[in-house]
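Please look at the sequence and the model before reading the points below.

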Amino acid sequence: MQNNIVAGGSPTITAGGSTTISYNIQNQNNNAGDPQNSCNPADGSAATVSISAPAGVTATPSSLTFTGCSQILPVSFTSSTPGQYPITVSVKDSGVGTYSTIDAGFTLTVNAAPVTNTAPTVTVGGVTNGASYEFGNVPAALCNVVDKEDGTKSFAAGLTGLTGARAADGLGSQTASCSYTDAGGLSAAASATYSIVDTTKPLVTATAPASVEATSALTPVAFSASAYDAVDGSRPVTCKTAGGTTYASGDGFPVGTTTLTCSATDKAGNTGTSDLFAVVVTDTTGPVVTTPANIVVGNSSYTVTYPRATATDLVDGALTTSCSPASGSTFSLGTTTVTCSATDKAGNLGTKTFTVEVQDSTKPIVTVGADQTIEATGPDGATVTFDAATATDDVDGTLSTTCDKASGTVFPLGDTTVTCSAKDKAGNTGDNSFVISVVDTTGPQITVPDDFTKEATASTGAEASFTSSATDLVDGSVAITCDPSSGSTFALGTHTVTCTAADKTGNQSDASFTITVKDSTPPTVTVPDDVLVEATGPDGAKVAYDSVTASDIVDGTVPVTCSAAPESVFKLGTTTVNCSATDAAGNTGHASFTVKVEDTTDPVVTVPANVVVGNTSSTGASNVTYGAATAHDIVSGDLPVSCTPESGSTFNLGFTTVTCSATDAAGNMGTNSFTVEVQDQTKPVVTVPADITGIEATGPAGAAVTYVGVTALDDVDGLLAATCDRLSGSVFPLGTTTVTCSANDKAGNKADNTFTVTVQDTTAPAVSVSDNKAATATSATGAVVTFADPKAMDIVDGTVAASCDRASGSVFPLGSTTVTCSATDKAGNKGSKTFTVTVTAAWSNVLQPVNVDGSSVFKLGSTVPVKFQLTGASAGVKDLAARLYLQRLAAVGTSGSVLEAISTSNATTGNLFRYDATSGQYIFNLATKTLSAGTYQLKIDLGDGVPHTVNITLR
């Protein structure tokens, strides 16, 4: 195979510009069986074109892979540095056959760009030279610069200090100065002088006070008045009436309406005044009348003279008063109101009253009954009745009376004074009294028991207790004495007891009764309790019982006789022993007890020791043998023994009690037992599930794991409950955990088995990132973009550190950049999330002479200037690599527009726009000589991926 490159020439460009070389690539075969220099696309051969440019030159594109016979490849070369640069282009074919490489190249000459510079134009804006501006309304002075190299600029002008008499107050002459030096070193300056003046009057504000009530002939009134000047600030205020009287806030004002106007003058002599306002002082307060104090007299005098009343007014001073009824008038019994009044010049009436009271001051006369003496009927005294008291008054006539003790009430022992009183309507009280005497002359009432008999309790007789009492009508229960006293010892025979009592007054009473003591009680014989003894042999048993005694309450100890002596041999069965004793009075006492000899002792049975054997089946053990049992009785001797179950029997699992017994002649059965234990000595079988793997952790503690299939089976107990040291459904930690399950049979045989549970963490952290960001390019390289730090949360590790492949605050290029943020948990799982940062250039859209709406028509063969400006944050970018593409639009059919060509113009370097510093515009001079009439779509590529198109028509 052979490849040919058709190109040539030695192009020259200006630094910062570009040129395009079109290469004709031809693919020719010389494989076996193919005609020399022929092209056979079917053989699948492909070619790679590589453009090699030295440092300082950029080739676009730098490589291309194609198949087929031939292809036109346009390559753009750009350089900003003057010099000579060799360019090499090579094609390599990887198809079947001869492998060959043919190089074609040229030298690119880059000339230095011409340098031209013009001085900037500087003007002062905002203020006008020679103008006057009111203080506080001075426009900002600006410096406006128009420069070919640096473009259009505007900044604050420099200001000189104010000059003039009031420069310290911000008034006077002011000069704004502007100067600028461009990037080429050329300078320009300008200035404007203007004046700051004060012709504005102070603003005077006065507020009328609320109506004020007079407190004297001239009443102080406060009001609000102030003045403010834009230059001088607060100014003093003067307030006057139309007649020229000056008033300050707080001065005294007469009753009525006073109209004021306030004024203030600033330092520049400008005087401002307030609106009229009124100060109103009213007098609606009546005079204050002072009267004498209330007067009280007795009914012995009805003509009353009182002191003169006085009156004073806040405004008019002292005034004359008049009172009714007048002093010296005759006043009736009771209270009369005297009213005194005075009227001021404003017609306000003041009044005040006092009273004159004529009182009834004589007491009523009370009449009561004679004194009385009454016998007491009880401890509280006696109920006494007496005649009602009467009363008469010199003013009110007959009156009702009240007594401090009512007739028919109980009066205490002694003298009681009864006071009766009456009160007239005037409150005068009259009283009188008499005495009630209650006396006690009656003795107490004595109560004693009836005559009674007591049984002698000793040789001295008997102690006798009794109850006696005495009650007095007045004193209630009183002390009583008896002879002999209650509780004394009385000898055998009959005795008289006399009881006496006296009340507190000394009244005495007495009463008596008899007590008889006798002996009719036989001696008391004391015998042992019934005796029960166990036979000691076939004849019975010898019995030694406790001593038998007899005691008489009068004679003391007496002799006793019994039917059987102690230490006798008593036969089997029950024997009664009778005992008796007689006192000196012939009273005989008897007592008995029994002696019973019985055989209740069981034979003693001796059995072999407990037997333990292992099970021979799931239910027990067969043919279990044990040793012989024996029996002996203290009365019957050796006895035969029988045991159940018998030796050689089959025994169930667990304990079986073997009971052996023997019976003596008295029917007493002796028993003894031992146990035969058949033990379960085999372990259960525990079954567990297979090892569990692949459980994903759901949190830092691991994961809840449920398992089934844990069982236990015993050869004796059958299915058993098995328990595991980690429950199904519990949380298992990360890693491998061994679960041990065990079961115990009823015999206590324990068995266990194990399986493992593996919990793993393969879940990556969840990463949260900033929302997509959009920014406006501030340079050709893009814009600095900041964004919120990423965060990551892992279901196991919680919060984990996250980072992004591009840092916040770094420069992002034009177009859309994908930022990938990631985080790795402790298990090595990596999670990531992306967002995009889109940087676009802000532009003005196409400028004239190209219309934005696509209506532009140009003459075929002319040069069309395509222009735009960068705006906003992108306004200062001068080196944006913006490109222009051309596309002719065919008639619109079902298949849409047809792309005919992408063209660049040699009038500008390659298809790059040139930045014009003078106008601040990007310009592309589109040559149309090689084009044909028709409509074209211009595509402006700002390098930020945002399509910008506009149509033009060539005719």
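Of the 955 residues of the protein, 34% count as buried, where buried means under 20% relative accessible area, exposed over 50% and partly exposed in between, with a 1.4 Å probe and protein chains only. The model is predicted: local features need pLDDT of at least 70, side-chain atom pairs count only at pLDDT 80 or more, and totals for chains, interfaces and linings use all residues. Residues are numbered from 1 along each chain as its sequence is written, and side-chain values use heavy atoms, with hydrogens and water left out.

**Overall form**
- The radius of gyration of the protein is 72 Å, whereas a compact globule of 955 residues would have one near 30 Å; this radius is taken over C-alpha atoms, and the globule rule is 2.2 Å times the number of residues to the power 0.38.
- Along the principal axes, the C-alpha atoms fill a box of roughly 180 × 150 × 55 Å.

- The protein has 0 helices and 95 strands; helices (H or I, at least four residues) and strands (E, at least two) are DSSP runs, numbered from the N terminus.
- Strands of a sheet pair through backbone hydrogen bonds, either parallel or antiparallel.
- Strand S15 (residues 172-181) pairs with strand S16 (residues 187-197) in the antiparallel sense over 10 bridges.
- Ser-179 has Ala-189 in S16 as its bridge partner.

Note on methods
Pairing = 2+ DSSP bridges.
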